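Here is a short tour of some residues and their surroundings. Have the structure open while you read.

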Amino acid sequence: MKARLWLAGLSLLSPYTASTLAQSAPIVAAVAVVGTIQVKTVSISAIDASHVEVAVNLILVPGQSATLKDVQLCSLHLNGLPVFAAPLHQEIAMRKGEELSLPAVFVSLFYRDLTTVHPLIQMLDKQTVHVEAELVSGLQVGFLGKLALHSEHPKIVVPISQEVAVEVGGTPFARNLAIGVLQSLDHQMAGDSTPTKLIDKLRPVWIRNLEAQAKANLFVVDSRYSLSEGKIPYQVDVEALGFRTASGRIATSAEMLNPWKYDAEFLGEINGGSVGVVKNSQDIRLQPLAAIEAAQSLGARDFKTDPRGNAEGERVTTVGKKRDQVRLMRRASPSLLLVLTPSAPITETGLTSAPASILSQDAWDKVLVFRRRTSPTTGEHTVDALEMGARRDGGGIRLSEPVDEAVFGSPILTPDGVIGLVQDEQTGTFLPEDVLKAAVLPKVN
């Protein structure tokens, strides 16, 4: 195996040492991979009485040849205004030193979600905008790269802070008319005795309520284990979301119980005898959202693991110098999830379960899922709320839009409560009744 050589080579490509990269994994020191990145243009593609559509175009000069996947601009602010940008669900191949234009990132700003439109007025009036964001992307590497970075899902995080010219289509008259509309709306917001009152009337109450519930009931689940080459161990970290239900139990991705069975490259190396899983090395830890102190996390001794459903396998051929057939577990197997039951008495309420009339529907126009993010500097965990549709698909749930691995383990929430858990890029499972429902306490005479 050449994992040690791979890691040593990686250290030469960045200002970080190999040991620093190992400690900071699964976040990769992005300077070595991305090189330089800048916002080329920001353009307003549409503006009307309800929203503004903005396109953000980025260019980069890669420091190394690599493949990015699920690229997203996180914590995006335009003139200080926080906005959400959907991820790019495609692989992007980079060649070292060759300038690359990324596909445009589109942002829709609905006035109902804002407490002020003044930053938009500035964009139109001055035709410039200050862009702040983090470019977050998965990094497509082989087994040796994953092992060296101690992660099955390595990521890069690149900060962006730049003043950019804004391209505004249409005539000056149309632009001035749009500014007038926004100024009128801004005056209404500023003139209200409670600035958020107008917005609260327009912004969906169910989203605000579910976001508040989620902050108290979401967890980052970290499954750690070690692979050994001879006597040399390599720790691997795999993370997913988990959430507390009304029963007090915590539901998460089934992958957290034995992550190596869901990665073809890892499984191929293990089956081929190149590496082995170190006995008793696995440790599952729960960390409440936004809590970074180790004392606030729960270790495997603090809860019982209870896998539900049966993981289906499929025969796949591993990619690399040595090709072999392995039985890869499918995350989207029917009813597949992992239930964690804390040892200590549960006092928290948990996410509210949707009533039977909602659970029995064939489709849901609006559901909410959460996307996990981790700060590369502080380690703080945060989530983005993603709204989409969903429908029943056999015995499971089909999301209307694809998501990435940072959403795996998220609850699937309707305005009336939780109905399921995200398993993979577009599939979810319903929760068992004993997990979904609140426990009935015995009556005290």
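## Selected residues and salt bridges

Setting aside neighbours within four places in sequence, Ala165 is in contact with Thr41, Val42, Gln127 and Thr128. Please keep in mind that this is a predicted model. Ala165 belongs to strand β10, residues 155-168, and is exposed, with a relative accessible area of 51%.

Now to a buried position. Thr252 sits in strand β13, residues 250-252. Because its relative accessible area is 0%, Thr252 counts as buried. Its side chain reaches the backbone oxygen of Leu241 at 2.8 Å. Not counting residues up to four places away in sequence, the residues that Thr252 touches include Val221, Ala240, Gly242 and Leu421, as well as Leu337, Leu338 and Leu340.

Next, two backbone angles deserve a look. Most residues other than glycine have a negative phi. Asp70, in contrast, has a positive phi near 55°, and Asn280 has a positive phi near 60°. Asp70 is part of strand β4, residues 66-78, and is buried at 19% relative accessibility. Asn280 lies in the loop between β14 (276-277) and β15 (283-288), where Asn280 is exposed at 74% relative accessibility.

How many salt bridges does the count come to? The count comes to 15, and the table gives some of them.

| Salt bridge | N to O distance |
|---|---|
| Glu255 and Arg331 | 2.8 Å |
| Arg285 and Asp283 | 3.3 Å |
| Glu405 and Arg372 | 3.3 Å |

The pair of Glu255 and Arg331 links distant parts of the chain, 76 residues apart. Glu255 is in the loop between β13 and α9 (264-271), and Arg331 is in the loop between β18 (325-329) and β19 (337-342). Glu255 is buried, with a relative accessible area of 2%.

For the pair of Arg285 and Asp283, Arg285 is partly exposed at 23% relative accessibility, and Asp283 is partly exposed with a relative accessible area of 23%.

Glu405 is buried, with a relative accessible area of 12%, and Arg372 is buried at 7% relative accessibility. Glu405 and Arg372 also belong to a network of salt bridges that links them with Lys155 and Glu239.

Terms used: Residues are numbered from 1 along each chain as its sequence is written. This is a predicted model: local features need pLDDT of at least 70, side-chain atom pairs count only at pLDDT 80 or more; totals for chains, interfaces and linings use all residues. Side-chain values use heavy atoms; hydrogens and water are left out. Helices (H or I, at least four residues) and strands (E, at least two) are DSSP runs, numbered from the N terminus. Buried means under 20% relative accessible area, exposed over 50%, partly exposed in between (1.4 Å probe, protein chains only). A polar contact is a pair of N or O atoms within 3.5 Å; within protein, one must be able to donate a hydrogen and the other to accept it, and residues adjacent in sequence count only if both atoms are side-chain atoms. Contact means heavy atoms within 4.5 Å. A salt bridge is a side-chain nitrogen of Lys or Arg within 4 Å of a carboxyl oxygen of Asp or Glu.
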